[in-house]
Every structure is written in C-alpha cells, then in structure tokens.
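Hi,

Here is the structure I said I'd pass on.

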Amino acid sequence: LFCNSAIGRPITKDDLVGTYHVDVSGAEDAQTIPTNFYRVALTLNSDGSFLTTNATKEFFFPYPSHDTGADVTHGTWEFSHDPDDEGGQLDLTFSKGSWGGDWSHGVEIYHGTPRILMSYHPFKHSHKVIYFYLTRQKR
C-alpha cells in the first residue's frame with residue numbers, strides 16, 4: 001500500500017470524519033463558482049451517515065434531474081483507499097433519488113487535512129469544468 005506522504009500511512013475512514021466547507025484556494029476561475037456554494041457544509045459521521053447543510057442538487061450533480069422531490073440532505077458514505085495512490089474515493093449514497101442517488105469523488109490529504117475534489121460545470125452545454133475542494137475543518 002502507498003502511504004499518504006502528509007500523514008505517513010494510508011488514509012482511513014476515521015481520517016475523513018468531520019465537517020467540510022468549500023475551499024477555492026488554487027481554483028482557476030474561482031469567481032465563477034456560485035456564491036451559494038460557499039454556504040454548503042458536508043458532515044461525515046463516524047457511523048457512516050452524512051448530513052449536508054445548504055446543499056442543492058447542483059452542488060453535487062452538474063446536470064441534476066428535475067425531480068423536485070430529490071433529497072441531497074442526508075444518506076450514507078463509504079471510503080475506499082486506492083492501493084496505487086496516496087488518496088482514495090468517497091462515495092455518498094443519498095437517502096432519496098437524485099440523479100441515481102449516488103455520488104463519488106476523489107479524496108486526498110493536503111498539509112495534513114483531508115479534502116474532497118469537487119467540480120463545477122458553469123455552462124450546461126460546455127466542456128468547461130472548474131475544480132475546487134471541500135476541506136475538512138479543524139476538529
């Protein structure tokens with residue numbers, strides 16, 4: 001197994017428990033990220049559940065369904081370590097259907113702090129993608 005150089009061992013699920021907020025440091029064109037994204041919080045609980053605050057479908061899914069009953073406020077999460085890399089994959093399963101109900105993105109440790117790679121598609125019929133992070137707040 002590869003060890004994460006920032007923590008000297010592979011990332012574990014316990015490393016990820018906590019509350020995450022938007023971090024645009026290093027993001028190209030960060031000014032195009034919707035201002036309501038800055039109010040989003042994602043909390044990963046140790047029991048495998050998660051909660052979001054102020055999250056819309058558009059935050060997680062670039063082209064969400066028009067199902068107004070979709071819920072992106074809670075569900076369960078899992079982490080899988082990538083044995084060929086320092087990071088891994090975070091998988092969220094939403095409690096109600098929202099574009100299939102599942103979402104996955106890469107996770108890494110940066111300066112000792114976990115962060116989740118996010119993407120924003122500012123234009124519906126464009127290939128332009130802006131990357132930013134959800135960074136865990138200090139415990």
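**Aromatic notes**

Y120 is buried, with 16% relative accessible area (buried means under 20%, with a 1.4 Å probe and protein chains only). Bear in mind that this is a predicted model, where local features need pLDDT of at least 70, side-chain atom pairs count only at pLDDT 80 or more, and totals for chains, interfaces and linings use all residues. Residues are numbered from 1 along each chain as its sequence is written, and side-chain values use heavy atoms, with hydrogens and water left out.

There are 8 aromatic pairs in the structure (Phe, Tyr or Trp rings, six-membered ring for Trp, with centres within 6.5 Å; edge-to-face means planes over 60 degrees apart). F37 and F59 make an edge-to-face one, at 4.9 Å centre to centre and 80° between the planes. F37 sits in the loop between β1 (18-23) and β2 (41-44) and F59 in helix α2 (residues 57-60), so this pair ties together parts 22 residues apart in sequence (helices are DSSP runs of H or I, at least four residues; strands are runs of E, at least two; both numbered from the N terminus). F37 counts as buried at 3% relative accessibility, and F59 is buried too, at 1%.

F37 also pairs edge-to-face with Y120, 5.5 Å centre to centre and 80° between the planes. Y120 is in strand β7 (residues 113-120), so that contact ties together parts 83 residues apart in sequence.

Ring pairs link F37, F50, F59, F60, F94, W103, Y120 and F132 into a cluster. F94, in strand β5 (residues 88-94), counts as buried at 5% relative accessibility.

Cheers

Note on methods
Buried < 20%, exposed > 50% of the residue type's maximum accessible area, 1.4 Å probe, protein only. Phe/Tyr/Trp six-rings, centres within 6.5 Å; stacked < 30°, edge-to-face > 60°.
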